[in-house]
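This report describes a predicted model. It begins with a pocket and then turns to individual residues and strands.

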Amino acid sequence: MLWVYESKEQHFTMNPKTKEKIKLYKVLNDNKSCHGGDFNYSKYIKSKEWLPEIKEVIICKKGYHLTSIPNKWLGKANQIFLVEPKSILGIEDDKVVVDTFRFVKELNHTEIKKVLKEDANIKSPEEFAKTISDTIPTK
């Protein structure tokens with residue numbers, strides 16, 4: 001069973017291995033996959049419906065891949081979404097594989113900066129400026 005914790009500002013999922021609360025994100029480019037695959041998520045971003053279920057998921061090979069550390073996956077991305085999985089079926093470092101999920105919200109510029117700063121464990125504005133490039137994902 002997967003536990004999802006929600007409050008006004010927070011949305012957490014329980015890591016089945018560590019039992020810690022984590023936030024999960026989907027990193028995209030113009031509503032499309034940008035790290036393999038060619039799925040267009042537009043319909044599901046707008047409707048917030050659960051994505052079609054994928055059978056027999058395998059981490060790094062088959063399934064929807066989410067991350068707890070979006071910093072690692074920015075590359076060609078211009079969007080970061082907070083997401084909710086139904087269940088986590090595989091974990092490798094910060095990456096999880098799921099059979100379905102739904103979009104909770106697209107992060108705005110301020111939220112993205114906050115998430116990137118937290119993920120990088122940055123303590124000061126100066127350190128943030130040195131660590132995070134000016135190419136923060138934004139549409």
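## The largest pocket

The largest pocket has a volume of about 470 Å³, where a pocket is an open set of points on a 1 Å grid over the protein atoms alone at which a 1.4 Å probe fits, with protein on both sides within 12 Å along at least five of seven lines. Grid points are joined across faces, edges and corners, and the volume is the space filled by probe spheres set on the points. Of the 23 lining residues, Lys-26, Ser-33, His-35, Gly-36 and His-65 are the closest to the centre of this pocket, a lining residue being one that has an atom within 4 Å of a point. The elements that contribute two or more residues to the lining are β4 and β5.

By residue class, the lining comprises eleven nonpolar, seven polar and five charged residues; here Ala, Val, Leu, Ile, Met, Phe, Trp, Tyr, Cys and Pro count as nonpolar, Asp, Glu, Lys and Arg as charged, and the others, Gly among them, as polar.

## Basis of the model and overall fold

Residues are numbered from 1 along each chain as its sequence is written, and side-chain values use heavy atoms, with hydrogens and water left out. Because this is a predicted model, local features need pLDDT of at least 70 and side-chain atom pairs count only at pLDDT 80 or more, whereas totals for chains, interfaces and linings use all residues.

The chain holds three helices and nine strands, which are DSSP runs numbered from the N terminus (H or I of at least four residues for helices, E of at least two for strands). From the N terminus the order of elements is β-β-β-β-α-β-β-β-β-β-α-α. Of the 139 residues, 40% are buried, that is, under 20% relative accessible area, with exposed meaning over 50% and partly exposed in between (1.4 Å probe, protein chains only).

The side chain of His-65 reaches the backbone oxygen of Gly-63 at 3.1 Å, and a polar atom of the His-35 side chain lies 3.1 Å from the backbone oxygen of Trp-73. Beyond four places in sequence, His-65 is in contact (heavy atoms within 4.5 Å) with residues including Lys-26, Ile-58 and Val-97, and His-35 touches Trp-73 and Leu-74.

All seven of the seven residues of strand β6 (residues 79-85) are buried. Gln-79, Phe-81, Val-83 and Pro-85 point one way from this strand, and Ile-80, Leu-82 and Glu-84 point the other way.

Strand β6 pairs in the antiparallel sense with β4 (residues 24-28) over five bridges, pairing being assigned if DSSP finds at least two bridges between strands. On that side Tyr-25 stands opposite Leu-82. Strand β6 also pairs with β9 in the antiparallel sense over five bridges, and Phe-81 has Glu-106 as its bridge partner there.

## A buried loop residue

Thr-100 lies in the loop between β8 (95-98) and β9 (101-106) and is buried, with a relative accessible area of 2%. The Thr-100 side chain reaches the backbone oxygen of Leu-51 at 2.6 Å, and, not counting residues up to four places away in sequence, Thr-100 touches Trp-50, Leu-51, Glu-53, Tyr-64, Pro-85 and Lys-86.

Methods:
Polar contact = N/O pair within 3.5 Å; in protein donor to acceptor, adjacent residues only side chain to side chain.
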